[in-house]
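Trainee: Could we go through this one together before I set anything up? I'd like to start with the packing and then move on to the strands.

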Amino acid sequence: ANDDSMVLSQKIQQSPYISQTTDDSQRRQLRTANHDPGVNFWIFDAWVELSGDDDLDGYYHRLTTSFDADVDSDLETVYAKLYVSRQGGAWVQVADTELFEIRYDSMADSYEVETELVEGFASGQYDVLIELHSLYHSGVVASMVLYQDADGYALTLEDQQRDQPLTPTSVTLSTSYGTTSGNTQNGYLVTEETWVAGSYSWQGMLLLALLLLVKQRYFRFRRA
């Protein structure tokens, strides 16, 4: 009831174990039956997968967080909150889940949350915090912080507004060269080559500059 991030009363109404009866006394009995306050929760495993890098700068705007929560009782109803922190800064909540059930150490109750960062998240390295809450127990019952993605790389994120797709631009170069024999030039050849680079990508412009440098040195050698 103290959780201001979600309307617990609505969640409780949706629970299949509670919606079977409309009697308040029976509902309270169902909520409190067989729930030991000494139950232990933990997050056995968790991982993050990144996707959505439209400008190909290595920063992603979409993260999929998966985790397997376990408990030392037969059945518990829980939900989770997800937070992100940029380079050691404040934790910002980005998601909370629906109610779901976990049973002992079963792997069949793993949960997945896909989150898109739309705005307000500057480019940088982020950490992800998973907080597990129980419908019948107060406070945070388990938590885990993730510093890397599923492949072991840093969680490099940015919001979708900063992740704009590249605008392709074509660059065509025309170059002529030939061989010399005494004072006579012959065998001229004209070539045209086209590259496509993103107008917003400094990596693309750097690659184009390197290609031009190699081209220039190559044709000077041929003329000599």
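Trainee: Leaving aside its neighbours within four places in sequence, what is F67 in contact with?
Mentor: Bearing in mind that this is a predicted model, F67 contacts I43, D45, A46, A80, F100, S110, Y111, V113 and I130 once the neighbours within four places in sequence are set aside.

Trainee: Which rings does F67 cluster with?
Mentor: Ring pairs link F67 with F100 and Y111 into a cluster, and a search of the whole structure finds three aromatic pairs. One of them joins F100 and Y111, which are stacked with 4.2 Å centre to centre and 25 degrees between the planes. That pair links distant parts of the chain, since F100 sits in strand β5 (residues 100-102) and Y111 in strand β6 (residues 111-116), 11 residues apart.

Trainee: And is F100 buried or exposed?
Mentor: F100 has a relative accessibility of 10%, and because buried means under 20%, F100 counts as buried.

Trainee: OK, the core next. Which residues touch the most other members of the largest nonpolar core?
Mentor: That core has 29 residues, and F41, F67 and L132 are the ones that touch the most other members. At least two core residues come from each of β1 (41-51), β2 (62-71), β3 (76-86), β5, β7 (124-134), β8 (140-146) and β9 (155-157), while the largest share, five residues, is supplied by β1.

Trainee: Staying with β1, in what order do the strands of its open sheet run?
Mentor: The open sheet has three strands in the order β1-β2-β6, with antiparallel pairing. β1 and β6 each have a single partner strand and stand at the edges, so one side of each is left without a neighbour in the sheet. From one strand to the next, the twist averages 20 degrees.

Trainee: How many bridges join β1 to β2?
Mentor: There are 10 bridges between β1 and β2, which run antiparallel, and within β2 it is S66 that W47 stands opposite.

Trainee: What about V48, then: how far is its C-alpha atom from that of S66?
Mentor: The C-alpha atoms of V48 and S66 are separated by 6.4 Å, although the two residues are 18 apart along the chain. V48 has its place in strand β1, and V48 counts as buried because its relative accessibility is 0%. Leaving aside neighbours within four places in sequence, V48 is in contact with L63, T64, T65, V128, L146, Q148, D149, A150 and L155.

Trainee: Switching to H133, which strand does it lie in, and is it buried or exposed?
Mentor: H133 lies in strand β7, and with a relative accessibility of 9% H133 counts as buried.

Trainee: What does the side chain of H133 make a polar contact with?
Mentor: The side chains of H133 and E131 are joined by a polar contact of 3.2 Å. Not counting residues up to four places away in sequence, H133 also touches V78, Y79, K81, G139, V140 and V141.

Technical notes
Residues numbered from 1 in each chain as written. Predicted model: local features only at pLDDT ≥ 70, side-chain atom pairs only at ≥ 80, totals over all residues. Heavy atoms only, no water. Phe/Tyr/Trp six-rings, centres within 6.5 Å; stacked < 30°, edge-to-face > 60°. Helix = DSSP H or I, 4+ residues; strand = E, 2+ residues; numbered from the N terminus. Buried < 20%, exposed > 50% of the residue type's maximum accessible area, 1.4 Å probe, protein only. Core = buried A, V, L, I, M, F, W, Y, C linked by side-chain atoms within 4.5 Å. Contact = heavy atoms within 4.5 Å. Pairing = 2+ DSSP bridges. Axes fitted to C-alpha atoms, helices over the stretch in contact; angles between N-to-C directions. Polar contact = N/O pair within 3.5 Å; in protein donor to acceptor, adjacent residues only side chain to side chain.
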